[in-house]
Amino acid sequence: QVQLVESGGGLVEPGGSVRLSCAASGTTLRLWDVEWYRQAPGTQYVDQRELVARITALHSVTHYPDSVKGRFTISRDNTENSVHLQMSSLKPEDTAVYYCKATRSSNDFWGQGTQVTVSG
């Protein structure tokens, strides 16, 4: 059974940084494309989640939308079977629940999410 567990969220001041982790069990995460999504306050549906970073299984190619480009960095830690999301220069509008998603062929799995609140 594949499980993803996010960690690292919390309260951070505007301009601050935080690193999120997505740890996998039941599979080797480096074989999967991994994405980070966020769900803003007041939204509840999965299709309202915003993609904020992607790293591919093949060659670890990364992708970011313009809203976070230059501020967020996704990376793999294969020794920990994890993917990290380093977030810097945080803004109040980055406040959301952050989810990781692993995709391989027609299968995908989501973690339970971790809350990041940017306020100060």
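Modeller: I begin with A96, whose bridge partner in β11 is V116. The model is a predicted one, in which local features need pLDDT of at least 70 and side-chain atom pairs count only at pLDDT 80 or more, while totals for chains, interfaces and linings use all residues. Residues are numbered from 1 along each chain as its sequence is written, and side-chain values use heavy atoms, with hydrogens and water left out.

Strand β9 and strand β11 (residues 114–118) pair in the antiparallel sense over three bridges; strands are DSSP runs of E with at least two residues, numbered from the N terminus, and two of them pair if DSSP finds at least two bridges between them. β9 also runs antiparallel to strand β10 (residues 107–110), to which four bridges join it. Within that pairing, K101 stands opposite W110 in β10. The hairpin of β9 and β10 has two residues between the strands, and S105 takes a positive phi near 55 degrees there. β9 has a further antiparallel pairing with β4, over seven bridges, in which W36 stands opposite C100.

The loop between β8 (82–87) and β9 (96–104) contains L90, and T95 is placed in that loop as well. T95 has a relative accessible area of 16% and is therefore buried, a term for values under 20%, with exposed meaning over 50% and partly exposed in between (1.4 Å probe, protein chains only). The T95 side chain reaches the backbone oxygen of P92 at 2.9 Å, and a polar atom of the T95 side chain lies 2.9 Å from the backbone nitrogen of V118. Apart from neighbours within four places in sequence, T95 is in contact (heavy atoms within 4.5 Å) with A40, P41, Q115, V116, T117 and V118.

L90 is buried because its relative accessibility is 2%. Its contacts, again leaving aside neighbours within four places in sequence, are V12, P14, G15, G16, S17, V18, R71, F72 and V118. Of these, P14 is 76 residues from L90 along the chain, yet the two C-alpha atoms are separated by 5.3 Å.

D94 forms a salt bridge with R38, with the closest N and O atoms 2.8 Å apart; the term denotes a side-chain nitrogen of Lys or Arg within 4 Å of a carboxyl oxygen of Asp or Glu. D94 lies in the loop between β8 and β9 and R38 in strand β4, so this pair ties together parts that are 56 residues apart in sequence. Both D94 and R38 are buried. R38 and D94 belong, with E50 and R71, to a network of salt bridges.

The whole structure holds five salt bridges. Among them is that of E35 and R54, at 2.8 Å from N to O, which links E35 in strand β4 (residues 33–39) to R54 in strand β5 (residues 50–55), 19 residues away in the chain. E35 counts as buried because its relative accessibility is 9%, whereas R54, at 28%, counts as partly exposed.

β7 and β8 form a hairpin with four residues between them, and N81 in the turn has a positive phi of about 55 degrees.

Definitions and conventions: A polar contact is a pair of N or O atoms within 3.5 Å; within protein, one must be able to donate a hydrogen and the other to accept it, and residues adjacent in sequence count only if both atoms are side-chain atoms.
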